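Biologist: I am new to this structure and would like a close look at a single part of it. Please take me through that part in one connected answer.

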Amino acid sequence: MAALSICIGGGSIIISHVNDAGFWLFGRFTGASEAETLKTWTLMETILVTVGAVVGMIAFTLLS
């Protein structure tokens, strides 16, 4: 159950770009343009989702 929660949580953040307040705060505080913020935010979320998926798979393997 914990592994499933990790995978669902990781997958839920993959497409939160312009709906996410953090996206706009990051852009404003760093002074980045919308295009730069989108590139950076997309890379960051891709890394987070990938790590979450790997951790979820490892947890599932260890717990089953």
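How are α1 and α3 oriented to each other, roughly parallel or roughly antiparallel?

Modeller: This is a predicted model. The axes of helix α1, residues 2–11, and helix α3 cross at roughly 170° and come within 8 Å. An angle over 145 degrees counts as roughly antiparallel, so α1 and α3 are roughly antiparallel to each other. On the α1 side, the contact is made by Ala 2, Ala 3, Ile 6, Cys 7 and Gly 10. On the α3 side, Val 49, Gly 52, Val 55, Gly 56, Ala 59, Phe 60 and Leu 63 take part. By class, this contact has nine nonpolar and three polar residues, and no charged ones.

Trp 41 lies in α3. Its relative accessible area is 9%, and buried means under 20%, so Trp 41 is buried. Not counting residues up to four places away in sequence, Trp 41 touches Ser 16, His 17, Asp 20, Gly 22, Phe 23 and Phe 26. Along the chain, Trp 41 and Ala 53 are 12 residues apart, and their C-alpha atoms are separated by 18 Å.

Glu 45 is buried yet has no salt bridge. The nearest side chain of opposite charge is that of Arg 28, 16 Å away. Leaving aside neighbours within four places in sequence, Glu 45 is in contact with Ile 13, Ile 14, Ile 15, Ser 16, His 17 and Asp 20.

How values were computed. Residues numbered from 1 in each chain as written. Predicted model: local features only at pLDDT ≥ 70, side-chain atom pairs only at ≥ 80, totals over all residues. Heavy atoms only, no water. Buried < 20%, exposed > 50% of the residue type's maximum accessible area, 1.4 Å probe, protein only. Lys, Arg positive; Asp, Glu negative; His and termini not counted. Salt bridge = Lys/Arg side-chain N within 4 Å of Asp/Glu carboxyl O. Contact = heavy atoms within 4.5 Å. Axes fitted to C-alpha atoms, helices over the stretch in contact; angles between N-to-C directions. Helix = DSSP H or I, 4+ residues; strand = E, 2+ residues; numbered from the N terminus. Parallel < 35°, antiparallel > 145°, perpendicular 65-115°, else oblique. Nonpolar A, V, L, I, M, F, W, Y, C, P; charged D, E, K, R; others polar.
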